Amino acid sequence: DAEIPEDHPRHDSLVTRHRIEDGVEMGITSQQGLIAQGRGEAFDYLLGERTIPSADDAERAAAAALLAAEHPVLSVNGNVAALVPGELVTLAEATGADLEVNLFNRTAERMQAIADHLREHGAEEVKGLAADAQIPGLSHERAKVDRDGIYEADTVLVPLEDGDRAEALGEMDKTEIVIDLNPLSRSAQVATIPVVDNAVRAVPGITEHARELADADEATLREIVDEFDADAALAAAEDAIRDGDLD
Ligand code: ATP
Ligand code: MG
């Protein structure tokens, strides 16, 4: 990161890109992950590389949902493991959630590399390696999850999830929080709480809200979740992209 000047106009974006490159080199991020990153960058550019107000509201609702949940799980793929490993561990601690490695292109090596990487960033328990249950409606490899993790969770945070899997998870009657920069992607559209923001900002953003809400009672948390309007949030993000002032 050191070689990118602090005053470079694309500083944050370039740092993020380097982290993904490093992730590929470390065997954490897949080559498809690079393509996903490129798509994400394009949408982030159009959003002005900032957390728009409706995304901040979504991050607050996401924090409330995780805190109110009986069994919350944060799903971790190769992109977020490379981008925000420590921040995911911190969010798990702040909300009492489990961390579960869950890959679209699952290989034993990458599963292990990501679990190790999370542990190096302070995670104690990392789920996903048992793979003793399946999300209904998906082909075998893509369906694998841990029974005592994502399968039984009542609330799941899925950053940059594939549209198909986001849909299958949504059909399992869970509260599904999706972080995705594209408000038109199926993943964002099927989410209970779509967070249209870069995972680099969204994960710490949700943690910050979780800390503010740490003492709130369950009724207050449920009210925050119930008041959140997913369609309005998606529409606000699309408006920001269409009408945004870019400098
Ligand atoms: P579908 O419509 O089925 O959901 P998709 O277009 O989302 O398909 P992918 O390209 O696999 O399919 O998904 C990558 C998604 O992840 C894109 O929507 C992209 O905007 C988003 N994305 C990439 N990097 C980030 C990031 N750092 N933070 C948030 N979202 C990201
Ligand atoms: Mg998607």
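**Notebook: ligand 1 and its surroundings**

I looked up what lies around ligand 1 and counted 16 residues, the closest being Arg-39, Asp-180, Ser-187, Asn-198 and Ala-199. I note that the model is a predicted one.

Next I checked where the ligand is placed. Ligand 1 sits in the largest pocket. I then asked which elements give two or more residues to the shell around ligand 1. They are helix 2, spanning 31–46, and helix 10, spanning 186–190. Helix 2 supplies the largest share of that shell, with four residues.

I went on to the polar contacts. For Arg-39, I found a side-chain N or O atom 2.3 Å from an oxygen atom of ligand 1. A nitrogen atom of ligand 1 lies 2.9 Å from a backbone N or O atom of Ala-199. At Leu-181, a polar backbone atom is 3.2 Å from a nitrogen atom of ligand 1.

How much of ligand 1 does the protein bury? I read 85% of the 630 Å² that ligand 1 exposes when taken alone.

Last, I turned to the aromatic rings. I searched for aromatic pairs, meaning ring centres within 6.5 Å, and the count was zero. I did find a charge over a ring: the charged end of Arg-147 sits over the ring of Tyr-151, at 4.8 Å from the ring centre.

Terms used:
Residues are numbered from 1 along each chain as its sequence is written. Chains are lettered from A and ligands numbered from 1 in the order in which they are written. This is a predicted model: local features need pLDDT of at least 70, side-chain atom pairs count only at pLDDT 80 or more; totals for chains, interfaces and linings use all residues. Side-chain values use heavy atoms; hydrogens and water are left out. Rings of Phe, Tyr and Trp (its six-membered ring) pair if their centres lie within 6.5 Å; planes under 30 degrees apart count as stacked, over 60 as edge-to-face and the rest as tilted. A charge sits over a ring if NZ of Lys or CZ of Arg is within 6 Å of the ring centre and within 35 degrees of the ring normal. A residue is near a molecule or strand if one of its heavy atoms lies within 4 Å of it. A polar contact is a pair of N or O atoms within 3.5 Å; within protein, one must be able to donate a hydrogen and the other to accept it, and residues adjacent in sequence count only if both atoms are side-chain atoms. Accessible areas come from the Shrake-Rupley method with a 1.4 Å probe; for residues, only the protein chains shown count as cover. On a 1 Å grid over the protein atoms alone, a cavity is a set of points where a 1.4 Å probe fits but cannot get out, and a pocket is an open set with protein on both sides within 12 Å along at least five of seven lines; lining residues have an atom within 4 Å of a point. A molecule sits in a cavity or pocket if more than half of its atoms lie within 2 Å of its grid points.
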